[in-house]
Protein chains: 4
Amino acid sequence: MIKMGVIGYGYWGPNLVRNLFEVPETQVVAVSDMREERLGLVKSRYPSVRVSTDLRTLLDDPSIDAIAIATPVSTHYDLALRALQSGKHVMVEKPMTSSTEQALRLIEEADRRGLTLMVDHTFVYTGAVRKIKEIVEQGRLGDIYYYDSTRVNLGLFQHDVDVLWDLAVHDLSIMNYILPNSPCAVAATGINHISGGTENLAYLTMFFEDNTIGHVNVNWLSPVKVRRTLIGGSKQMIVYDDMEPSEKVKIYDKGITVSNGPDSIYKAMVGYRSGDMFAPQLDVSEALRVEIQHFVDCIESGREPITGGRAGLQVVRLLESASRSMKHRGRLVELEPDGLGVLAGATA
Amino acid sequence: MIKMGVIGYGYWGPNLVRNLFEVPETQVVAVSDMREERLGLVKSRYPSVRVSTDLRTLLDDPSIDAIAIATPVSTHYDLALRALQSGKHVMVEKPMTSSTEQALRLIEEADRRGLTLMVDHTFVYTGAVRKIKEIVEQGRLGDIYYYDSTRVNLGLFQHDVDVLWDLAVHDLSIMNYILPNSPCAVAATGINHISGGTENLAYLTMFFEDNTIGHVNVNWLSPVKVRRTLIGGSKQMIVYDDMEPSEKVKIYDKGITVSNGPDSIYKAMVGYRSGDMFAPQLDVSEALRVEIQHFVDCIESGREPITGGRAGLQVVRLLESASRSMKHRGRLVELEPDGLGVLAGATA
Amino acid sequence: MIKMGVIGYGYWGPNLVRNLFEVPETQVVAVSDMREERLGLVKSRYPSVRVSTDLRTLLDDPSIDAIAIATPVSTHYDLALRALQSGKHVMVEKPMTSSTEQALRLIEEADRRGLTLMVDHTFVYTGAVRKIKEIVEQGRLGDIYYYDSTRVNLGLFQHDVDVLWDLAVHDLSIMNYILPNSPCAVAATGINHISGGTENLAYLTMFFEDNTIGHVNVNWLSPVKVRRTLIGGSKQMIVYDDMEPSEKVKIYDKGITVSNGPDSIYKAMVGYRSGDMFAPQLDVSEALRVEIQHFVDCIESGREPITGGRAGLQVVRLLESASRSMKHRGRLVELEPDGLGVLAGATA
Amino acid sequence: MIKMGVIGYGYWGPNLVRNLFEVPETQVVAVSDMREERLGLVKSRYPSVRVSTDLRTLLDDPSIDAIAIATPVSTHYDLALRALQSGKHVMVEKPMTSSTEQALRLIEEADRRGLTLMVDHTFVYTGAVRKIKEIVEQGRLGDIYYYDSTRVNLGLFQHDVDVLWDLAVHDLSIMNYILPNSPCAVAATGINHISGGTENLAYLTMFFEDNTIGHVNVNWLSPVKVRRTLIGGSKQMIVYDDMEPSEKVKIYDKGITVSNGPDSIYKAMVGYRSGDMFAPQLDVSEALRVEIQHFVDCIESGREPITGGRAGLQVVRLLESASRSMKHRGRLVELEPDGLGVLAGATA
């Protein structure tokens, strides 16, 4: 039984607590939040849970094994570091930290202390994404040509991060999990429409060493909600539409075959290779519950979580580079391949 | 009655000829194509039409008033110039030419001779786009925040142009028609997956002097066909989905109102302003027919067509700049505001 | 503050309890269920609530003002009657009872004791249905031509009722609420595919005195979930699609105009009158919460609930007649207009 | 080469002529229509085709092998009979005739003269329906539980037939083609909203000897166009949605498994068996062209067409019975199994 403390009971905290209650191997013993009224909510729902506005009561409690952090991004580093230094395993909301440097520091601290550090990239634990991972690993797509995602809707504007850090973070964590390689350079553009705000709309292109390109379109100001990812391969192609009530993942036996036909003076005769479409059955377990189970397994086995510190760092590096590129209207930012050099031996 | 010659009877030519037959004010007298078998097709369908593999028979025929050109892009300039020099009005397929220089030269020639020069930006003449134009001109969207278009499907790979010149040309012609301002800079990224081919997938960001951003996502290798444009404004927003069998244009009374709420330490309380949605009735006339009628009107009145040489030039300038940016992985290319300086007095 | 007892904590009970907790004017003091493990669930979630396998502890408790009944249909009559006889207001799951006779008896008992009797026709309290009601009452549809509903999906097969009593009950309660008149006759067909089961697929036609027809298609064995109702009028038409994430209600300014054209020897020239489409903003409050609030209001004011006993009776009469017709493969069953005669003065 | 005459150049005639021109084995030599302006249209499009308002010029022309009839339903019998009596093969629009008696008479005439008689049930020749037929014949659905079709839209009101004869005719021809058995009884309801018109909205239930039920919902007054058929089986289920631009046929590995669970007092625990979904590639050839090719093959081989007279008769019998049932508000009409007795040896 892993005894958990939860810091932050705002938007995501209640989902964490509810799922921690439903996983038999975890038990929520205390929740901390700076806002009394949020703690009142905890009390009315879970009378057995201790609450406090002072997070030290959690960090200093020797009976607590692990801390889940669901606070604003800017506080992740400080809170996670303190939790690790108090000897607690840590599950921190995405994105892991505000900078690569902070992420590296947390990984180092967790490694040194032999603690589990996990980032809550929830989508990675959905049945849809796990199925796509399986298909890609089986080589069914052939060469990966592109990863193209659109994640737009109306709201929630964030104070401390731009739309890349809020929405693209999902796509980057999914993409990193699914694709065999990582981007070597990024170019991002975007715009901020709210006085004093951050970019609320952004476009991110990612270049790879091989013949792959990645793109993410994120927008807080769209009248319609779109959650659609196309993954194109030389053999097959995937459409992952998270707005579909069922059949979220569709695999198309489609592609092209190039040849010269009678019209070749005018056009390449690119034959449509158009075969069957296939929508595999997906595991419909709640992702957060699957993830918490994985967190428990990693604590017990000492293994690096699928979305451990190194995976979290990868995403932060991309976001950091993307925001930098966006400030310069799409200027290419190359990602140093040895960015993880100091972490030699890492399994991410 | 405008007597027309048509050059090129490949993919688009048959649509042109069919519509030219249905507009009472135009009459197709001759068709030219280098391929005998294409001319055979013309003969069997329209026995009254003269055919020839030698386009000079059209250009030299004094009874022909106007020439429609539906050939590969690389030939547009040369054919259009010869037609103008032969004293014919010209309707040329999109994109107008392969370069800004060529476009300027054609405009100059047409102006000097008092001939009508029109580019076949067909989408501009659809009921959907004309309705959107009307809504934007009425100011119903408020400030335009963004123009974001996705135009992807499987095929047709082009020999002589990349996917921007093939697909984004539609979005740029629509955007230029609808928005009050033009982009001042572009940044494009893309990739070519076919040996010896051109970029078959591209992302184009367009910056404006004001608070607007434009983006176009085009792809010849998508398993699904998407034709969706979001236009966001401070008051209302439009979704234009050309794949919908009806209700192609939807106007959302949606937006945001920023305020500080109890959670303001964590998040900006951005209120969803979510009102009614409205799908106006659209004129379902075939766009090409409306366009041909407009061509006739312009010939008779001497007015510049909505998609005249200047509109065509604008699109070519954007494409040229975008392709240049794409070659340098998203490097910003600024568009000189005086690009049309030599054309002072132009109405485009 | 209305103190509530809840009988039945199976599929729907938890939703009831959760919402009763969220409405400030109601307080759940006790829950009864025959299954210990269900009561254990109540205890873990709501430690303050008393639980018992003996419902008499609820009925005999003078501090309890009202009873919510969420048990199988066959038990509704007995439980509701006992609750009323114990002086409790009653909110009973749909359908109200297994027969018209039982429904009449409950209404009588509630009337005599001055207690509120309400049936949980939840859909009537959704923003979508309330909006449709408003539109119809404004006369915007003109004459109502038809009410045509499809409600199909895979599951849940019921033991004690057929698919009409399980699914069509929703459509009938909505239709009765929306339309100004009630059906005067029904004809139903259906089939049972499971040995020992009830009809799992049924089609119900309803005739009205005026020019209206109603139809409901319900099916427990559909591979896809459909929740779509078309309401056709002489002026406008509504499509209510509950599977849409937003824009669940669409109002079409569509219809026909009949005239004779040149082809009139062959076909009536029926002109499509095709105008704008309009999707009004809907209240997104949880229906069950709105309904409980209404229950409280009715208890306090003594008014008949929108879905009171009389509305519940109407639905049971239709279901009873429909099942009878279905047993005889669509034989017409006329509904006696004086079926409610004994209830003269009723407001339903 | 089959030389064809076409009678009727209204709504469907032009499609027939266009496809007859494209099939190499057929040649249109003459078109007849009572309306001069329709013949003018033929002349302008196909100068080589003879036209006449007197259909005797076609029937008496010994060079004409076959006649295609695309006139109103009420004229089908008379025209087809005259064509057969003139020794011509016949392809007649759906529905074949206005009555069973007429249909039997035509079959007899064609049989006696050894001529091919085919009904233009176009949908049977689509890639979608042919694929569904193949799947059903392979036994992949298991026992067929139901065939449930919705075919509604706005228009075209017919003068001489009700909505069953206009729209349900498609569903019945498809259903008869796909299912191994035929209905043994029907019950239909409907309504007419237009003064002097026929029923414009109808619901038809079909009973089978086995555990199958059929239902068709047709409506000329729907604001949205729906073309959706569900075919449920004990093993798999099909959704055929003709409005989808692609993936018109989807096969769901879905069904139920009944068992008793902890909640069995309340509900049967019917397990969802929910596996993969599969959308097979479909032949996209134009159905009418495939059909004409089949007509030619049957003329040459003497075989009964898939949609020959007997198939046409089956559909007319169902329509006739359905209209009779509808006149009596759903009264069951049993279909005599020996309806085709006089046609012993028929292959339909």
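The legends below describe close-up views of a predicted model.

**View 1. Helix α4 of chain D, from its first residue to its last.** Helix α4(D) covers residues 73-85 and consists of 13 residues. The distance from its first C-alpha to its last is 19 Å, close to the 18 Å expected at 1.5 Å a residue. Just after the helix comes Gly87(D), which adopts a positive phi of about 85 degrees.

**View 2. The buried residues of α4(D) and their cover.** Which residues of α4(D) are buried? They are Val73(D), His76(D), Leu79(D), Ala80(D), Ala83(D) and Leu84(D). The elements of chain D that cover these buried residues include the strands β1 (2-7), β4 (66-69) and β5 (89-93). Also among them are the helices α3 (56-59), α5 (100-113) and α7 (163-178) of chain D.

**View 3. The side of chain A that touches chain B.** Here 44 residues of chain A are in contact with 44 residues of chain B. On the chain A side, at least two residues each are supplied by β7 (144-154), β8 (185-191), β9 (201-207), β10 (213-219), β11 (221-233), β12 (237-241), β13 (249-259) and β14 (269-279). The strand that gives the most is β11(A), with six residues. By residue type, this side of chain A divides into 27 nonpolar, 13 polar and four charged residues.

**View 4. Chains D and B as related copies.** Chain D is superposed on chain B by a rotation of 180 degrees with 0.0 Å of shift along its axis, and the RMSD is 0.0 Å. The two copies are therefore related as by a two-fold rotation axis. Of the interface residues of chain D, 100% are also interface residues in chain B, so the copies meet through the same surface.

Key. Residues are numbered from 1 along each chain as its sequence is written. Chains are lettered from A and ligands numbered from 1 in the order in which they are written. This is a predicted model: local features need pLDDT of at least 70, side-chain atom pairs count only at pLDDT 80 or more; totals for chains, interfaces and linings use all residues. Helices (H or I, at least four residues) and strands (E, at least two) are DSSP runs, numbered from the N terminus. The expected span of a helix is 1.5 Å times one less than its number of residues. A residue is buried if 20 or more other C-beta atoms lie within 10 Å of its own, exposed if 12 or fewer, and partly exposed in between; C-beta atoms are placed from the backbone. Two residues are in contact if their C-beta atoms, placed from the backbone, lie within 7 Å. Copies are superposed by least squares on the C-alpha atoms of residues with pLDDT of at least 70 in both. Ala, Val, Leu, Ile, Met, Phe, Trp, Tyr, Cys and Pro count as nonpolar, Asp, Glu, Lys and Arg as charged, and the others, Gly among them, as polar.
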